Amino acid sequence: TTGFSPVPMANQGPLLTVLVGPPPSLTAWYQEQNRTPPPPEQFNTLIDTGATRTTVDVEILEKLGVKPVDWVEVLSPNQSMKNGVYPVSMTLVLGPNRLTIPTIPVIGSALKGQPIKGLIGRDILANCVFIYNGVGGHYTLAIG
């Protein structure tokens with residue numbers, strides 16, 4: 001046996017910790033104003049191969065002071081709605097390694113009450129190798 005249990009990942013999905021902060025342009029603006037930019041927020045996301053774009057909870061985006069730069073139509077199984085697109089800096093925490101994406105547009109979503117605060121979509125996964133090992137109860141995410 002490997003010591004892994006498939007149950008947690010089957011119940012929760014493949015979770016990935018991220019740090020999300022203001023994009024470099026907003027951080028520079030804060031510094032020009034002699035203000036301290038908001039610190040990055042750390043939270044769990046779900047790796048979601050069904051999500052076209054990466055999303056972050058709107059409450060986190062508001063805490064960071066990031067404003068939408070565009071609006072897109074978001075389709076879910078139940079409805080269609082317009083959501084804001086927000087530029088952020090995102091760091092993927094991959095065990096002892098970290099990968100920072102200085103600026104990435106994410107879709108703001110209302111995830112209040114969810115155990116996750118974002119989804120890692122195919123916009124990021126397009127640059128990765130993602131292996132979901134359901135039997136072993138773990139996944140591998142490699143960049144590039």
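Predicted model: local features only at pLDDT ≥ 70, side-chain atom pairs only at ≥ 80, totals over all residues.
I started with the largest pocket, whose volume comes to about 460 Å³. I found 20 residues lining the largest pocket, and the closest to its centre are Thr55, Val74, Leu75, Ser109 and Leu119. I then looked up which elements give two or more residues to this lining: they are strand 4 (70-75), strand 5 (80-94) and strand 6 (97-109). Strand 4 gives the most, with four residues. Sorting the lining by class, I got eleven nonpolar, seven polar and two charged residues.

Next I went to Asp57, which sits in strand 3 (residues 55-57). Is Asp57 buried or exposed? Asp57 counts as buried because its relative accessible area is 2%, and the cut-off for buried is under 20%. I followed its side chain and saw that it reaches the backbone nitrogen of Glu59 at 2.7 Å. Setting aside neighbours within four places in sequence, I listed Ser109, Ala110, Leu111, Lys112 and Lys117 as the contacts of Asp57.

I searched the whole structure and came away with two aromatic pairs. Trp29 and Tyr30 make an edge-to-face pair, 5.3 Å centre to centre with 75° between the planes. Trp29 is partly exposed at 37% relative accessible area, whereas Tyr30 is buried at 10%. Phe130 and Tyr139 make a tilted pair, 5.8 Å centre to centre with 55° between the planes. Here I noted Phe130 as partly exposed at 24%, and Tyr139 as partly exposed at 23%.

Conventions
Residues numbered from 1 in each chain as written. Heavy atoms only, no water. 1 Å grid on protein atoms, 1.4 Å probe; cavity = no way out; pocket = protein on both sides within 12 Å on 5 of 7 lines; lining within 4 Å. Points joined across faces, edges and corners; volume = space filled by probe spheres on them. Nonpolar A, V, L, I, M, F, W, Y, C, P; charged D, E, K, R; others polar. Buried < 20%, exposed > 50% of the residue type's maximum accessible area, 1.4 Å probe, protein only. Polar contact = N/O pair within 3.5 Å; in protein donor to acceptor, adjacent residues only side chain to side chain. Contact = heavy atoms within 4.5 Å. Phe/Tyr/Trp six-rings, centres within 6.5 Å; stacked < 30°, edge-to-face > 60°.
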